[in-house]
Amino acid sequence: MQNSQIISIKNMKKQFPMGKGKFTALKNIDLTFDRGEFTGIVGPSGSGKTTLLNVIGSLDSPTEGKVITLGESIGALSHKKAANLRNKHIGFIFQTYNLLPVYTVYENVEFPLLLLKMPASKRKKAVLDSLEWLGLTDKIKSRPGQLSGGECQRVAVARAMVKIPEVVLADEPTANLDAENSHNILKMMVKLNKELKTTFIFATHDEKVIQYLRRQVVLKDGKVVNIKN
Ligand SMILES: Nc1ncnc2c1ncn2[C@@H]1O[C@H](COP(=O)(O)OP(=O)(O)OP(=O)(O)O)[C@@H](O)[C@H]1O
Ligand SMILES: [Mg+2]
């Protein structure tokens, strides 16, 4: 069998309410993603990259058209089913980290595993491994407010990867990292992608990320204007 399709988007439009009218953030989107891709959604600020990741990951719904992620129709799912899809199968790296401020680094990374009800011993190993990959072992007891921007970003990456999800949706995951940390994280992602077939979809305009991508979906003004393989 060929690489299986895990995301399919057909004639999708996304609008947001704006004043008395509507703002169209995405339109005429037709895209598919196969398992094991390492793909970036690229384009200028405001072109719709984050919006597209959010819809793929069921954090938002399409206004028109059809989006199927891992067999589930986004927008038609109940809140509970959407949460279940995300908890089980999708790792998010948010542009603004979304770490829980009162939790320690360890607890932030452990959180997705608690949602999965993973047993404690297995959980501890997964959290410590993930923190070690990201060079955060000495920050385990710190809280996000005590970390630099780049350290917060690495915690967000560790949290997304800890459950080894089928799909990682990474929104500007290197925005606050220096070159060395960016390359380390990307190499780790390439390794996970190769060894475990984890699918990676990035939203980015960072050249450091772009050089690792195997496919680029170029957005402009909410439309796909090019696909580079
Ligand atoms: N909740 C919202 N309500 C209204 N407009 C929104 C909302 N979210 C996004 N938009 C608008 O949709 C457009 C696309 O936003 P989006 O965040 O997807 O862009 P982006 O490509 O990720 O940009 P950046 O590179 O700056 O992160 C922007 O014009 C933005 O203002
Ligand atoms: Mg964005």
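## Reading strands and salt bridges in a predicted model

Q: Which residue stands opposite Q216 in β10?

A: Q216 faces K228 in β10; the model in which this is read is a predicted one. In general, strands of a sheet pair through backbone hydrogen bonds, in a parallel or an antiparallel manner. Here β9 (residues 215-220) and β10 (residues 223-228) are antiparallel partners, joined over five bridges. Two residues lie between the strands of this hairpin, and D221 has a positive phi near 50°.

Q: In what order do the four strands of the open sheet lie?

A: The order is β2-β1-β4-β5, with antiparallel pairing. β2 and β5 (72-73) are the edge strands; each has a single partner strand, so one side of each lacks a neighbour in the sheet. Within the sheet, β1 (residues 5-18) pairs with β4 (residues 64-69) over five bridges, and I9 has V67 as its bridge partner in β4.

Q: How many salt bridges does the structure hold?

A: The general idea is that side chains of opposite charge can pair when their charged atoms come close. The structure holds eight salt bridges. One of them joins K14 and D60, at 3.0 Å from N to O. This pair links distant parts of the chain, 46 residues apart: K14 belongs to strand β1, and D60 to the loop between α1 (49-56) and β4.

Q: Are K14 and D60 buried or partly exposed?

A: K14 is buried because its relative accessible area is 7%. D60, at 23%, is partly exposed.

Q: Which residue forms a salt bridge with R35?

A: The partner is E166, with the closest N and O atoms 2.5 Å apart. R35 sits in the loop between β2 and β3, whereas E166 sits in the loop between α5 (149-161) and β7 (167-171), so the pair ties together parts 131 residues apart in sequence. R35 is partly exposed at 30% relative accessible area, and E166 is partly exposed at 26%.

Q: Which side chain meets that of E37 in a salt bridge?

A: That side chain belongs to R215, with an N to O distance of 2.9 Å. The two residues are 178 residues apart, R215 being in strand β9 and E37 in the loop between β2 and β3. Both R215 and E37 are buried; for E37 the relative accessibility is 13%. The side chain of E37 also makes a polar contact of 2.4 Å with that of T39. Beyond its neighbours within four places in sequence, E37 contacts several residues, including T32, N193, F200 and R214.

How values were computed: Residues are numbered from 1 along each chain as its sequence is written. Chains are lettered from A and ligands numbered from 1 in the order in which they are written. This is a predicted model: local features need pLDDT of at least 70, side-chain atom pairs count only at pLDDT 80 or more; totals for chains, interfaces and linings use all residues. Side-chain values use heavy atoms; hydrogens and water are left out. Two strands pair if DSSP finds at least two bridges between them. Buried means under 20% relative accessible area, exposed over 50%, partly exposed in between (1.4 Å probe, protein chains only). A polar contact is a pair of N or O atoms within 3.5 Å; within protein, one must be able to donate a hydrogen and the other to accept it, and residues adjacent in sequence count only if both atoms are side-chain atoms. Contact means heavy atoms within 4.5 Å. A salt bridge is a side-chain nitrogen of Lys or Arg within 4 Å of a carboxyl oxygen of Asp or Glu.
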